[in-house]
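Here is a short report for someone meeting this structure for the first time. Please look over the sequence and the model before reading on.

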Amino acid sequence: MKITVIGAGYVGLVTAACFADLGNEVLCVEKVSSKLEKLCRGISPIYEPGLSEMLQRNIKEGRIQFTDRIEEGVRFSDVIFLCVGTPQGEDGKADLSQVEEASRQIAQNMTDYKLIIEKSTVPVNTHQWVKKTVKRYIKDKSIDFDVASNPEFLREGSAIYDFMNPDRIVVGVESERARKIMEELYRPFTEKGFPLLITTPAAAELIKHASNSFLAMKISYINMIADLCEKVGADINEVADGMGYDKRIGRDFLNAGIGYGGSCFPKDVQAFIKIAEDHGLDFGLLKETEKINRSRRRKFLDRIEDVLWISKDKNIAVWGLAFKPNTDDIREAPSIDIVRELDRLGANLRLYDPKAMENFRYLFPEKENISYVEDMYDALKDADALLIITEWDQFKNADLDRVKQLMRLPIVIDGRNVYDPKMMKEKGFEYYSIGR
Ligand code: UDX
């Protein structure tokens, strides 16, 4: 099939590359020239395992192309994925101006039938607005079109795997014609037995927000249980394992720590609270989820103070800046609040992350008390404490004897429960983790 993808952000780029890899002919529209220039050379503007290789392969075989001209995208195919950004507005609501702009531009350039598919996360009933906008701006009112919702559930760091191996594919459609196109598009998946769920567009839009909010709630829930574990002397991992064996609960997303970050959960929870509010509902459960998540960062800083007393002039090594492992993304990362506060307190910070240092440098340029190191062990020389903020595998596999030898004091404050407390004690560390 021929497919147009508008917007080469995380969702758009992965969607475009994966559909091309499945044998479709894809044209991806990206208006930011610096991004476009990289994409045309097969370089992914984001770090995502396997993405650059996939892009290069499909560019070479002629299955994927890039342009900054939306009219070209509209001409190219009848199937148009909207993957533009829906950032958080000042009031917490999603800012849908890019969705509106793209809908208008599609309408102004359409000369025959189009299926417009929302893939970005949007508030419920956005499809109604897209429909209304296209109807208003279309020149020839006799041209037929459909709007569908097909939310994406991929995680950063395993985006390609998630796209190719979905737990479910959700398609919200209103017409038979749109349903047939979507079924055809996803046939390679349904043939392999991946479930395809056909719903109304409103239900599909809701499924995305409801799923992400539920997962965020699960994280805040386990973080509260972790606090209780600390009070009573239980181990949160034992509790989470015990809960997780219940199939109705499941072990996933029950890892206690310094809370969730990233481009999705914080934004989606906020937006969902606002969506409920717009419909006259008070989603107190989600407000609490958010409040607990915010308090995790403060709690981690309080822990540092409890252990170090005064942070001023202390040498503090920080391992992990990305909001989670296997990404260079630092959006809403706990590391930002933690580094900002420790900098304010006058600590000497030596920062390390396998992928996110370049992005972090924009926010915190190197200065007298902030430096970046290329080798994780270099952060430890004469350190009074090591903080672990992201659970990268290389930290899990660190040579702890070497760690201890390099540090001035063997103090490790771990926000992600990377090590076994018993083993750390045996090795002679003063080790603090979450809920254990
Ligand atoms: C999420 C959803 O998983 C995905 O389906 C959706 O499409 C986009 O949002 P992502 O933001 O890439 O994906 O990250 P995810 O792996 O879900 O983690 C989100 C945050 O929760 C991270 O900060 C992570 O550290 C935190 N987390 C996750 C926990 O604190 N504990 C857990 O048990 C799981």
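## Basis of the model

This is a predicted model, where local features need pLDDT of at least 70, side-chain atom pairs count only at pLDDT 80 or more, and totals for chains, interfaces and linings use all residues. Residues are numbered from 1 along each chain as its sequence is written.

## The whole chain

The protein chain has 18 helices and 14 strands. Both are DSSP runs, numbered from the N terminus: helices are H or I with at least four residues, strands are E with at least two. The radius of gyration, taken over C-alpha atoms, is 24 Å.

Along its principal axes, the C-alpha trace spans about 75 × 45 × 40 Å. Of the 436 residues, 44% count as buried. Buried means 20 or more other C-beta atoms within 10 Å of the residue's own, with C-beta atoms placed from the backbone; 12 or fewer is exposed, and in between is partly exposed.

## Domains

The assignment gives domain 1 (2-199), domain 2 (209-291) and domain 3 (296-432). Such bounds come from an automatic or database domain assignment. The C-alpha centres of domain 2 and domain 3 lie 24 Å apart. Their contact takes 10 residues from domain 2 and 14 residues from domain 3. Two residues are in contact if their C-beta atoms, placed from the backbone, lie within 7 Å.

On the side of domain 2 that touches domain 3, three residues are nonpolar, seven are polar and none is charged. Nonpolar covers Ala, Val, Leu, Ile, Met, Phe, Trp, Tyr, Cys and Pro; charged covers Asp, Glu, Lys and Arg; the others, Gly among them, are polar.

## Around the ligand

The ligand is surrounded by 20 residues. A residue is near a molecule if its C-beta atom, placed from the backbone, lies within 6 Å of it. The closest are Glu156, Asn255, Tyr260, Gly262 and Cys264. By class, the shell has 10 nonpolar, six polar and four charged residues.

Helix α10 (residues 201-232) gives the largest share, three residues. Domain 1 and domain 2 both give residues to the shell, so the ligand lies between them.

## A look at Ala333

Ala333 sits in the loop between β9 (315-319) and α14 (334-344). Is Ala333 buried or exposed? Ala333 is buried, because 27 other C-beta atoms lie within 10 Å.

Leaving aside neighbours within four places in sequence, Ala333 is in contact with Gly261, Leu321, Ala322 and Phe323. Ala322 is 11 residues away along the chain, and its C-alpha atom is 6.3 Å from that of Ala333.

Notes:
Rg over C-alpha atoms; globule rule 2.2 N^0.38 Å.
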